[in-house]
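Subject: Structure for you to look through

Dear colleague,

I am handing over the structure that we spoke about, and below it you will find my notes. Please keep the model open while you read, and look up each residue as it comes.

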Amino acid sequence: MNASFAVRSTSALTLALALALPAFAQSTAMTPTHLPPVPAPLDQPYPGTIVLNVDATDLSQQIFRMHISIPAKPGPMTVLYPQWLPGNHGPSGPITQLAGLKFTANGKPVEWVRDPVQVYAFHVVVPEGATLLEADYQYLSPLETTQGRITMTDNILGVQWNAVTLYPAGYFGSRIEVQPNLRLPAGWQFGTALETAQRDGDVVHFKPTDLNTLVDSPLFAGRYFKRFDLDPGAKVPVHLDVVADSPESLDAKPEQLAVHRALVQQAYKLYGSHHYDHYDFLFALSDEFSGIGLEHHQSSENGVKPGYFTDWAKGEAGRDLLAHEYTHSWDGKFRRPGGQAVANFNTPLQNELLYVYEGQTQYWGNVLAARSGLVSMQGARDALAAAAAHYDTVAGRQWRAMQDTVYDPILNARRPLGWANWQRSEDYYVEGQLVWLDADTLIREKSGDKRSLNDFARAFFGVGDGDHRRMPYTFEDVVATLNSIQPYDWATFLRTRLDGHGPGAPLDGLARAGWKLVYTDTPTDYYKSFDDRNKSLDLSYSLGFAVNQDGHIRNVVWDGVGFRAGLAANATLVAVNNRAYKPEVLKDAIKEARTGTAPIQLLVKKGEVFRTVALDYHGGLRYPRLERIPGTKDRLDEIYSALK
Ligand SMILES: [Zn+2]
């Protein structure tokens with residue numbers, strides 16, 4: 001074949017081309033309109049071992065260069081680029097960053113044609129006499145965050161194997177063997193759950209593994225690297241592999257390591273099992289390497305700002321990240337919703353059980369963060385208050401059930417939304433957390449506090465200690481296990497909360513835990529640290545929007561005060577009551593309006609147009625926090641206290 005096959009040609013031209021080609025090509029000519037179907041994956045071993053070489057040394061241009069050798073036999077063949085990524089819950093394989101794709105066999109070029117329906121599939125014809133299909137290509141790390149996740153900087157790189165590998169269609173991912181080799185920048189160190197066969201200078205040869213395990217075992221490497229043992233002396237090791245922009249960021253204090261070590265022990269106490277041979281938290285502390293939280297069976301990718309250890313006292317917001325991703329080794333990777341246990345990376349994922357996969361992980365992530373001391377008891381309550389308030393004011397529940405938001409990773413792939421409060425966005429995470437608090441406190445109440453969701457976690461996720469195959473489940477399995485812990489109509493319990501359209505978040509769990517959501521004029525430390533981190537002023541529960549320090553208006557609450565005055569999230573706040581906008585000026589104006597009758601006057605700019613907006617609001621500043629319901633049992637304290 002030649003490049004003409006990439007052009008949709010008339011049948012006459014196709015025929016002419018076919019006739020003009022050598023005998024081999026004549027018999028196998030393909031055009032985009034005459035392609036074989038993409039072979040469906042079958043549970044059969046792929047003959048031979050794929051060798052994947054990745055060169056990750058081009059730090060200045062942030063380019064990964066690959067050479068792959070795929071055992072092959074002559075004839076038509078379809079090669080896939082991974083599309084459906086389990087932890088992303090959607091068809092988000094970064095195919096636009098794949099470039100320069102050139103196939104060869106026996107040293108001669110082999111042309112490819114993209115499948116017109118499955119656009120992550122490439123059709124080739126392997127020539128007679130060839131036993132290998134080879135390809136050279138690049139993965140271009142985004143250079144700016146507007147292009148995607150930056151995965152290579154001067155000091156850190158992350159290899160997500162799905163982004164750098166191709167694989168043959170027609171086989172289960174578990175039945176394709178790959179032997180990866182990686183060339184690192186000189187002197188760099190790395191962390192990964194992959195097992196190293198040997199390191200020759202800066203080239204690392206990994207042991208052959210199946211494609212599923214490879215894609216599930218990313219690697220972080222860095223100029224500055226430290227590895228901390230989080231379970232000293234354990235037979236099954238757990239490590240924290242830290243890379244950073246500078247060596248100073250790597251300095252974890254003993255008391256900081258102690259709470260990370262406690263996380264491991266608290267997880268073991270909760271689940272009573274592990275489903276890995278070893279576990280590595282890959283942890284990047286950087287302003288340049290894009291942030292991430294992505295679960296894997298024997299590792300997780302975690303990326304936050306450089307001050308994680310050095311600015312420890314500045315706030316606890318987001319410090320449940322490692323606990324969340326770690327929980328996924330049990331919930332999401334080992335116990336996997338049936339629709340997520342698919343044959344290969346080009347088979348659509350079905351997301352309907354993500355309120356367990358992500359919702360319950362959100363719950364346990366927060367609980368384990370509190371139990372281990374990563375987050376204080378007060379911090380855990382304040383985070384819960386923020387979540388409860390946020391989901392209690394989601395206007396979009398008027399038209400869209402929380403269950404339906406499980407499709408957002410497929411529909412939207414986390415692009416920013418103009419009216420998130422009305423559109424809804426992946427609410428199965430945090431509203432899911434509230435549903436599981438509801439379930440936990442209900443089990444506690446009905447069992448006279450003898451049993452709890454801890455027992456569900458152990459019964460559901462803790463089975464098969466040491467086993468790390470996938471163990472798929474259904475909705476009925478979840479209901480059956482809940483019933484085995486505490487008999488109740490759990491199917492109706494879940495379905496009403498998942499499919500309901502009523503106003504307000506499911507806050508029964510909060511009440512049963514002995515707490516209620518209230519609003520005061522003082523933000524909690526958690527709320528403040530969240531605002532500091534976002535460089536914004538969140539007035540969701542007073543004026544019904546947030547505003548950045550530079551005046552950019554964000555997150556306008558549908559039907560809130562600002563919304564009814566015509567504000568949208570692409571306007572800029574210029575002045576408040578005729579004074580130049582600053583967060584303090586706006587806060588003072590809200591306080592003053594509380595005792596007066598005059599509206600708050602805003603000058604806003606949208607495009608080239610200035611406009612004054614009068615907000616007739618006199619409710620003062622309002623921030624959510626939790627308050628004890630007198631005379632009730634404090635079950636939140638029990639839930640957040642370390643297991644003995
Ligand atoms: Zn998650």
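His-324 has a relative accessible area of 7%, so it counts as buried (buried means under 20% relative accessible area, exposed over 50%, and partly exposed in between, with a 1.4 Å probe and protein chains only). Helices (H or I, at least four residues) and strands (E, at least two) are DSSP runs, numbered from the N terminus. Glu-358 is buried too, because its relative accessible area is 1%.

Before you go further, please note that this is a predicted model, in which local features need pLDDT of at least 70 and side-chain atom pairs count only at pLDDT 80 or more, while totals for chains, interfaces and linings use all residues. Residues are numbered from 1 along each chain as its sequence is written, and side-chain values use heavy atoms, with hydrogens and water left out.

Next come the aromatic rings. The structure holds 38 aromatic pairs, where rings of Phe, Tyr and Trp (its six-membered ring) pair if their centres lie within 6.5 Å, and planes under 30 degrees apart count as stacked, over 60 as edge-to-face and the rest as tilted. One of them joins Phe-283 and Tyr-308, whose centres are 4.7 Å apart and whose planes stand at 85°, so this pair is edge-to-face. Phe-283 belongs to strand β19 (residues 279-285), whereas Tyr-308 lies 25 residues apart from it, in the loop between β21 (299-304) and α6 (321-327). Phe-283 counts as buried because its relative accessibility is 0%, and Tyr-308 counts as buried at 12%. The rings of Tyr-326 and Trp-330 are also edge-to-face, because their planes are at 80°, with the centres 5.0 Å apart. Tyr-326 is buried at 0%, and Trp-330 is buried at 0% as well. Both belong to a cluster linked by ring pairs, whose members include Tyr-271, Phe-281, Trp-436 and Tyr-473.

The charged end of Arg-497 sits over the ring of Phe-493, 3.8 Å from its centre, and that of Arg-495 sits over the ring of Phe-475, 5.1 Å from the centre. A charge sits over a ring if NZ of Lys or CZ of Arg is within 6 Å of the ring centre and within 35 degrees of the ring normal.

A salt bridge is a side-chain nitrogen of Lys or Arg within 4 Å of a carboxyl oxygen of Asp or Glu, and the structure holds 30 of them. In one, Lys-226 and Asp-251 meet at 3.3 Å, N to O, and this pair links strand β17 (residues 225-229) with the loop between β18 (238-244) and α5 (254-271), 25 residues apart. Lys-226 is partly exposed at 33%, and Asp-251 is partly exposed at 38%. Another salt bridge joins Asp-525 and Lys-528 at 3.8 Å, N to O, and because these two are 3 residues apart in helix α17 (residues 525-534), about one helical turn separates them. Asp-525 counts as exposed at 58%, whereas Lys-528 is partly exposed at 41%.

Finally, here is a point about the backbone. Most residues other than glycine have a negative phi. Glu-426, however, has a positive phi near 45°, and it lies in the loop between α11 (420-423) and α12 (430-446), where it is buried at 9%. Asn-577 likewise has a positive phi of about 45°, in the loop between β28 (572-576) and β29 (579-580), but Asn-577 is partly exposed at 32%.
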